[in-house]
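Look at the model first, then read on.

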Amino acid sequence: MSVQPSIGKPISRLEGHLKVTGAAKYAGEYPAENLVYGYIVNSTITKGQIKHIDTTPAKALEGVIEVFTHENRPSLAWFDFQYSDMDAPPGNAFKPLADAKILYNGQPIALVVAETFELARYAATLVKFEYEEEAFDTNLIDNLNKARSPKVGLATFLKPLPTKPVGNYRKAYEQSYAKASGEFLHGTEHHNPLELFATTTIYEGEGKLKIYDKTQGTVNCQLYVSNVFGLKYKNVQVISPYVGGAFGSGLRPQFQLFFSVMAALELKRPVRVTLDRHQMFTFGHRPPTLQHTHFGADATGKIQALHHAAYAETSRFEDYTEVVVNWSNMIYPSANTLMEYKLVPMDVFTPLDMRAPGGSTGSHAIESTMDELAYALNMDPLELRLINYSETDESTGRPFSSKELRQCYLQGAEKFGWSERSPQPRSMKRGNKLVGYGMATGIWESMQLPARAEARLTKEGKLHVLSAVTDIGTGTLTVMTQIAADELGLPIEDVSFSYGDSKMPFAPIQGGSFTVSTVGSAIKAAGSALRKKIFQKAQSIKGATWKKLKPEDVLFHGGAVSLKTDPHDSISFREIIEANKGKVIKTTNLSVPKALKLKKYTRAAHSAAFVEVEVDEELGIINVTRALTTVAAGRIINPKTARSQILGGMIWGISKALREETITDHELGKYMNQNLAEYHIPVHADLHELDVIFVEETDEIVNELGTKGVGEIGLVAIPPAIANAVYHATGKRINQFPIHFDSLI
């Protein structure tokens with residue numbers, strides 16, 4: 001049977017039919033006998049103490065089962081590290097209901113449990129709190145004098161701090177032929193996935209739980225629950241096969257998980273806790289960040305000086321950090337650099353990774369400054385980037401494992417029609433609309449973490465692969481199935497992939513664009529080990545004629561093992577299983593990045609974004625009419641799901657530049673637009689011609705698959721490309737996101 005490789009094929013999502021027909025169950029949809037519902041009460045002040053709680057009116061309602069507060073919370077883990085998780089920054093993790101202290105506006109301070117969700121929600125309005133308020137501060141800009149360096153912790157491994165200064169930046173900048181500088185600001189942003197956070201906890205007996213949770217890490221939540229509630233790891237099962245978007249918001253266990261588990265253990269019955277949209281604004285966000293840049297170049301356009309400083313918000317109890325300024329010198333070499341990153345602790349909840357954390361923030365400042373520098377040099381912005389192109393990461397002195405960014409520039413410019421751009425700002429029009437072209441560079445680090453996978457040759461002679469990894473809507477199920485199919489030369493319909501269950505082989509949290517490289521490599525390793533086992537079984541069955549053969553002498557193809565020199569000399573998987581007395585053949589393998597080899601290189605995906613905008617000359621309304629992203633991300637396992645990822649990132653980029661912001665009233669210390677009516681995101685009418693090109697890139701260093709990840713790279717370059725296009729259209733440089741039309745009038 002002829003079987004074509006699955007990798008590289010644009011295969012539609014294998015679970016797509018289940019999702020569009022409603023058959024796929026999410027965390028808040030699993031049925032359970034005797035199920036009750038919890039509703040969380042949030043603080044209405046920003047900082048202070050709870051002085052008195054009156055739960056009597058709520059408890060008086062028929063059907064209300066219990067009201068949990070800090071006054072009757074069961075005895076739980078004491079130490080801060082027990083509340084930590086795989087994505088926790090340095091500091092003291094938030095402990096729900098630990099005491100009477102209020103640390104931020106919207107803090108969860110009670111849980112009402114009732115027979116129905118509606119009753120629990122109503123009863124929550126009857127729980128009365130008396131507070132003693134304290135002075136608070138939530139304004140980043142007013143507190144820059146309190147900025148300090150971040151604390152160093154385990155998170156620094158994935159989020160390195162800025163490199164040390166090189167050369168004499170100030171002197172080089174002052175002596176530069178051309179200079180560009182700017183102050184850049186973006187406010188708070190919230191993830192707002194379509195699916196609300198929910199947890200359904202099934203009590204299965206003393207100290208044993210089955211938990212359906214919205215999460216980006218089943219094992220992460222299993223460890224959290226076990227540590228906080230003092231349960232054995234083997235007795236806590238977290239299941240999350242379908243996730244309705246997360247974008248980083250599910251990287252850490254969110255507080256509905258804590259409340260659902262606590263109530264289930266206390267009441268010894270199933271408890272479901274679901275957050276409403278308003279409550280989705282009470283944990284984690286992209287932090288507001290202020291940036292300063294100073295770039296200097298010689299007369300040829302070669303950059304001589306780079307200064308990039310960032311000041312970001314964090315909470316009082318944890319030091320959340322992002323890689324914001326490091327990208328400058330990774331992309332553009334310079335002999336004189338100064339990179340600075342400071343944190344300003346505020347009375348807010350700890351920020352949380354949001355798609356392309358740090359990268360989408362830093363790229364705005366970097367790429368807008370590069371655009372301004374191009375105008376100062378009277379040079380095409382694309383030409384300036386090509387002049388400063390380097391195959392080496394100057395910030396570390398290491399070569400890139402592969403870098404096809406030049407082709408991203410060239411292929412993107414040709415497809416977009418960049419040569420048709422009139423150089424002068426405000427020189428292109430279409431009716432009463434000013435037309436502008438903008439472009440920008442994107443970069444995102446390519447990482448791989450340790451992971452396990454199990455591969456089984458089933459009794460039917462088919463392949464079954466298992467991993468605890470989740471699928472947050474990126475196509476993980478489909479892509480992992482494709483990787484597994486090629487390992488045994490099987491058609492994709494003969495392969496099944498079980499996932500999203502903490503009882504399965506270990507997988508880290510799903511984020512950072514490292515899932516395919518991490519779990520995919522583990523599946524490849526497990527498949528390779530299974531091939532060896534199958535080959536050995538085949539040798540023992542075939543006898544003398546196969547005894548001296550080596551694994552490289554045979555082919556795995558179409559459900560059989562055959563000689564390369566004689567395809568007719570073969571044995572089917574079914575025959576091998578039959579000879580194995582019908583027993584499954586399986587392997588479990590750990591895939592670990594080759595650290596000694598990898599540390600010699602910088603591994604990154606690259607992109608170039610090209611954007612056309614129309615700006616209404618009288619009203620200042622901005623419309624992105626065309627956008628193209630060219631991507632170099634190593635081997636693309638599935639062009640269809642990868643393209644979908646890039647398009648999603650591009651749409652988010654449009655949102656970040658023109659729509660999206662959480663507005664804070666600093667007098668109240670409170671977010672004011674905690675709903676999707678006032679938290680603006682693009683709708684279909686805002687989106688026009690979007691296109692994606694994947695540039696051919698081979699990388700034999702980055703990992704066994706040669707993949708780099710595409711989750712973030714589609715977002716990082718679009719916002720600055722839009723800002724640059726707006727400048728080209730209007731002659732106004734707007735450095736605050738989102739860009740409001742009134743700033744253009």
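A residue counts as buried when its relative accessible area is under 20%, as exposed when over 50%, and as partly exposed in between. The model is predicted.

Q: Is Phe610 buried or exposed?
A: The relative accessibility of Phe610 is 0%. The cut-off for buried is under 20%. Phe610 therefore counts as buried.

Q: Which kind of aromatic pair do Trp418 and Phe610 form?
A: Planes over 60 degrees apart count as edge-to-face. The rings of Trp418 and Phe610 lie 5.7 Å apart, centre to centre, with 70° between the planes. The pair is edge-to-face.

Q: How many residues apart are Trp418 and Phe610?
A: Trp418 sits in the loop between helix 10 (405-416) and strand 17 (429-430). Phe610 belongs to strand 26 (residues 604-616). The pair thus links distant parts of the chain, 192 residues apart.

Q: Is Tyr131 buried, partly exposed or exposed?
A: Tyr131 forms a stacked pair with Phe129, with 15° between the planes. Phe129 is buried, at a relative accessible area of 16%. Tyr131 has 23% relative accessibility, so Tyr131 counts as partly exposed.

Q: Is helix 5 roughly parallel or oblique to helix 6?
A: Helix 5 (residues 218-229) packs against helix 6 (residues 255-267) at an angle of about 50°. Roughly parallel needs an angle under 35 degrees, and roughly perpendicular needs 65 to 115. Helix 5 is therefore oblique to helix 6.

Conventions. Residues are numbered from 1 along each chain as its sequence is written. This is a predicted model: local features need pLDDT of at least 70, side-chain atom pairs count only at pLDDT 80 or more; totals for chains, interfaces and linings use all residues. Side-chain values use heavy atoms; hydrogens and water are left out. Axes are lines fitted to C-alpha atoms, for helices over the stretch in contact, and angles run from 0 to 180 degrees between N-to-C directions. Helices (H or I, at least four residues) and strands (E, at least two) are DSSP runs, numbered from the N terminus. Angles under 35 degrees count as roughly parallel, over 145 as roughly antiparallel, 65 to 115 as roughly perpendicular and the rest as oblique. Rings of Phe, Tyr and Trp (its six-membered ring) pair if their centres lie within 6.5 Å; planes under 30 degrees apart count as stacked, over 60 as edge-to-face and the rest as tilted. Buried means under 20% relative accessible area, exposed over 50%, partly exposed in between (1.4 Å probe, protein chains only).
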